[in-house]
Amino acid sequence: MPAFSAYAPGKIILFGEHAVVYGQPAVAAPVSQVKARAVVNANLRGLPGSVRIQAPDVGEDAELASLPANHPIGLAVRSVLALLKIQSPPACTLKVTSTIPIAAGLGSGAAVSVAVLRAFSAYLGRPLKDEQVSELAFEVEKVHHGTPSGIDNTVITYGKPVYFIKGKPIEMLKVPVPFTIVIGNTGIASPTAAAVGEVRQAWKAKKALYESYFESAGSLAASARQMIEHGIVETLGPLMTANHGILRKMGVSSPELDELVAAATKAGALGAKLSGGGQGGNMIALVAASRAERVAQALQRAGAVSTIITVVGKPE
Ligand code: MEV
């Protein structure tokens, strides 16, 4: 029997993280240089209903039945079985691997869910539609992130740049002029749930102030969308840097992120900001394609543990 496999990319938030949780627009893009992969192989000698889950990157090797209800991979598998009303799947082994750094703002959790949902439903002979994949991945995100906006599962499922407003129909972004982004990893693990939780506490304590931050970030995202769709990409740089300033005020930057943002700017980036939950994880810098290598090297000298050069809007 053939193996059933699926990949899902990482993601960056170009504009509007955190504010998007409060209903403001945000802009995100997939990052295909890093990926989660799920492979399902039939286990011909296994008992019906047995699903063995292996995730060597995180030291997991267990039967589905022994996993707690909130285990993210277990939850994704169980949600496929529930949706397809299958009680006892033919025995199989599901192996999950990923090159997306964990707790780094690049969407590793959502990408694992999307890859698992696709590979497992294909194994069962009933591949899910994109809307179903995104919806179920969102349910898994909720268990782990508390109050996710849904942007990660959306951009990762569709694999295209998106303009996203929580609860609204998805809008794919037109990108007539592709642009280059350098991603720098501080190497500091920072779970999104923690940063989102802290922003929520701060918002509860100072509602008017935080809502003004969210609105400013939302208008930057709306302006950025216009510029991207009109192909005026150089002017996105200052908008990114302004978004970083707002995120700092929200309390989700860190000295390491600020240092990488400064190093990118000094090396000639057009603008830079943290990306994702913040307080660690990754930052992004908009660069002219010819400067990408130089900015990546400057980021490494300033302490980035890894860098990725990606092009937003590049035809696949
Ligand atoms: C995470 O990629 C982006 C946040 O805004 C959280 C969310 O939207 O769910 C920090």
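A polar contact is a pair of N or O atoms within 3.5 Å. The model is predicted. The ligand sits in the largest pocket, and 13 residues surround the ligand.

**Contacts with the ligand**
- The closest residues are Lys11, His18, Val20, Ser149 and Asp152.
- Lys11 uses its side chain: an N or O atom there is 2.9 Å from an oxygen atom of the ligand.
- Asp152 places a polar side-chain atom 2.8 Å from an oxygen atom of the ligand.
- On its own, the ligand has 290 Å² of accessible area, and the protein covers 97% of that.

**Make-up of the shell**
- Six residues of the shell around the ligand are nonpolar, four are polar and three are charged.
- Strand S1 (4-15) supplies at least two residues of this shell.
- Helix H4 (151-158) and helix H5 (192-205) each supply at least two residues as well.

**Aromatic pairs**
- The whole structure holds six aromatic pairs.
- One of them joins Phe4 and Tyr123 in an edge-to-face arrangement. The distance is 6.0 Å centre to centre, with 70° between the planes.
- Phe4 lies in strand S1 and Tyr123 in helix H2 (residues 108-123), so this pair ties together parts that are 119 residues apart in sequence.

Methods. Residues are numbered from 1 along each chain as its sequence is written. This is a predicted model: local features need pLDDT of at least 70, side-chain atom pairs count only at pLDDT 80 or more; totals for chains, interfaces and linings use all residues. Side-chain values use heavy atoms; hydrogens and water are left out. A residue is near a molecule or strand if one of its heavy atoms lies within 4 Å of it. A polar contact is a pair of N or O atoms within 3.5 Å; within protein, one must be able to donate a hydrogen and the other to accept it, and residues adjacent in sequence count only if both atoms are side-chain atoms. Accessible areas come from the Shrake-Rupley method with a 1.4 Å probe; for residues, only the protein chains shown count as cover. On a 1 Å grid over the protein atoms alone, a cavity is a set of points where a 1.4 Å probe fits but cannot get out, and a pocket is an open set with protein on both sides within 12 Å along at least five of seven lines; lining residues have an atom within 4 Å of a point. A molecule sits in a cavity or pocket if more than half of its atoms lie within 2 Å of its grid points. Helices (H or I, at least four residues) and strands (E, at least two) are DSSP runs, numbered from the N terminus. Ala, Val, Leu, Ile, Met, Phe, Trp, Tyr, Cys and Pro count as nonpolar, Asp, Glu, Lys and Arg as charged, and the others, Gly among them, as polar. Rings of Phe, Tyr and Trp (its six-membered ring) pair if their centres lie within 6.5 Å; planes under 30 degrees apart count as stacked, over 60 as edge-to-face and the rest as tilted.
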